[in-house]
Amino acid sequence: MIAEFRLPDLGEGLTEAEVVQWLVQPGDSVTLNQTLAEVETAKAVVELPSPYEGTVSSLHAEAGETIAVGAPLIAFDVDGAEDAAPEAPVEEKAQPNLVGYGAAPAASGRPARRTRRSGGATAPVADAAVIEAAPHDVLPEAPAEPVVGERPRSTPPVRAHAKRLGVDLTLIAAEVGDRLITRADVDAYAERVGAAPSGAPAAAAAAAPSAVPAGARETRIPIRGVRKHTAAAMVQSAFTAPHVTCFHTVDVTATMELIAELKADRALSEHRIGPLVLIAKAVCLALQRNPSLNAHWDEAAGEIVQYHYVDLGIAAATERGLIVPNIRDADRLGLTGIADALQALTATARSGRTSPAELAGGTFSITNIGVFGIDAGTPILPPGQSGILAVGAVRRQPWEHEGEIALRQVMTLSVSFDHRLVDGAEGAKFLKDVADILEQPGRAMLY
């Protein structure tokens with residue numbers, strides 16, 4: 001029998017997804033939970049496991065195509081007994097609902113195709129699963145015959161980088177052999193065929209005849225995925241919540257000395273305890289005394305919702321854009337627990353495997369702009385949150401200490417808050433509480 005699998009609900013409020021690449025083709029035999037494809041939502045790249053065991057009958061979408069939740073995605077030829085009694089009505093079996101998938105789809109119909117700038121014929125899916133999703137001003141000519149083989153070995157960021165350059169990883173795999181394809185391999189191949197890497201200077205990119213048409217002075221990048229979601233969220237936040245930002249520069253010498261002591265402790269060698277870990281703990285403690293910054297303005301209900309837990313968002317810059325995954329119940333974790341959660345969160349974000357569930361919610365956020373050498377900024381609130389803290393770089397500079405001028409390690413903190421539910425005094429008090437803990441870590445014992 002033919003079983004049809006529709007795009008499931010992949011997260012809260014997500015209505016569509018873009019097929020990044022197919023990992024199976026018509027005629028392939030698949031097993032239950034085998035990965036079928038990678039799809040990109042507005043929040044994350046997600047691998048779709050197969051709900052059936054059987055043979056792939058047909059694909060209803062191509063790489064680079066955006067489809068709605070509930071639309072047909074793939075069809076399977078599954079062993080069934082309906083052939084024995086063709087005239088009898090066949091009772092339709094309920095579609096399995098795998099772990100991580102949402103409710104049953106409510107929509108149907110063919111997916112709407114994304115408007116394309118090039119008018120040529122579509123390349124075979126097996127060849128063009130990666131390059132079809134790339135901007136069309138950098139598309140190389142697709143091979144005439146499909147190449148059937150195993151999926152090239154690479155990480156999600158490398159595949160995304162190759163997609164942006166319009167490079168087919170199967171062509172690189174044919175050169176490097178059966179090993180993990182790296183970003184350097186992609187850049188080297190792109191340079192040989194004339195496509196400049198995304199990090200190359202604009203002049204070099206413009207000089208490549210196969211990457212940019214002659215005379216072109218601009219590059220057009222489709223607004224989609226994380227960038228589209230981030231832009232919409234920031235506009236919503238900026239024009240809904242009245243932002244106020246306070247700044248405070250604090251002497252964090254004692255905190256940095258404590259971190260050095262903790263790193264020297266062999267019993268803690270498995271935990272990466274750095275400045276951001278102590279700042280996260282200080283934020284959780286300060287939110288206990290300033291609950292208005294751990295709250296939500298519910299316009300529809302006419303209520304202010306104060307949370308009695310802290311789902312701490314940590315802004316992470318990835319190749320796909322800025323995402324803010326959360327450490328759940330961060331207020332219940334000690335330093336080692338926060339350190340381990342932060343390390344796992346960072347590794348997942350860099351691999352491009354942060355799930356929509358990890359990005360949903362969040363009651364307060366931290367953005368670490370200090371890693372870029374920046375001292376201070378005015379962060380924009382994630383929608384639904386009433387506060388966000390920006391952490392600046394730690395610098396050694398002359399500072400007044402115990403009545404004298406000494407070289408101290410100082411940091412500037414910036415907190416933005418929603419002035420509808422946080423008064424200036426409350427925002428300033430929260431920032432001062434965080435600063436006091438970082439200036440004298442022993443004060444955490446008073447909370």
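This tour moves through the structure stop by stop, naming what to select and what is there.

**Before you start**

The model is predicted: local features need pLDDT of at least 70, side-chain atom pairs count only at pLDDT 80 or more, and totals for chains, interfaces and linings use all residues. Residues are numbered from 1 along each chain as its sequence is written, and side-chain values use heavy atoms, with hydrogens and water left out.

**Stop 1: the whole chain**

Select everything. The chain has 11 helices and 19 strands. These elements are DSSP runs, numbered from the N terminus: helices are H or I with at least four residues, strands are E with at least two. Of the 447 residues, 43% count as buried. Buried means under 20% relative accessible area, exposed means over 50%, and partly exposed is in between, with a 1.4 Å probe and protein chains only. Now turn to contacts, defined as heavy atoms within 4.5 Å. Among contacts with a separation of 6 or more, 65% are between residues 24 or more positions apart.

**Stop 2**

Side chains of opposite charge can pair when their charged atoms come close. The structure holds 12 salt bridges. Each is a side-chain nitrogen of Lys or Arg within 4 Å of a carboxyl oxygen of Asp or Glu.

Select Glu38 and Arg159. Their closest N and O atoms are 2.3 Å apart, in a salt bridge. Glu38 lies in strand E4 (residues 35-40) and Arg159 in helix H2 (residues 156-165), so the pair ties together parts that are 121 residues apart in sequence. Glu38 is buried, at 3% relative accessible area. Arg159 is buried too, at 7%.

**Stop 3**

Asn33 sits in the loop between strand E3 (29-30) and E4. Check its backbone: phi is near 75 degrees, a positive value in a residue other than glycine. Asn33 is partly exposed, with 46% relative accessibility.

**Stop 2: along helix H11**

Select H11, residues 424-439. Which residue does Asp433 meet in a salt bridge? The partner is Lys429, at 3.4 Å from N to O. Both residues lie in H11, four residues apart, about one turn of the helix. Asp433 is buried at 6% relative accessibility, whereas Lys429 is partly exposed at 37%.

Lys432 is partly exposed at 41%. Asp436 counts as buried at 14%.

**Stop 3**

Show side chains. On H8, the contact residues include Leu278, Ile279, Ala282 and Arg289. On H11, they include Lys429, Phe430, Asp433 and Val434. The residues of the contact of H8 with H11 divide into 11 nonpolar, no polar and three charged. Ala, Val, Leu, Ile, Met, Phe, Trp, Tyr, Cys and Pro count as nonpolar, Asp, Glu, Lys and Arg as charged, and the others, Gly among them, as polar.

**Stop 4: H8 against H9**

The contact is made by Leu276, Val277, Leu278, Ala280 and Lys281 of H8 and Leu335, Ile338, Ala339 and Leu342 of H9. By class, the contact of H8 with H9 has eight nonpolar, no polar and one charged residues.

**Stop 7**

Select Asp329, in the loop between strand E15 (326-327) and H9. Its phi is near 50 degrees, a positive value in a residue other than glycine. Asp329 is partly exposed, at 29% relative accessible area.

**Stop 5: Asp418**

Finish on Glu299, Asp418 and Arg420, linked in a network of salt bridges. Asp418 lies in strand E19 (residues 404-418). Is Asp418 buried or exposed? Asp418 is buried, at 2% relative accessibility. Leaving aside neighbours within four places in sequence, Asp418 is in contact with Ala241, Pro242, Trp297, Leu381 and Ser386.
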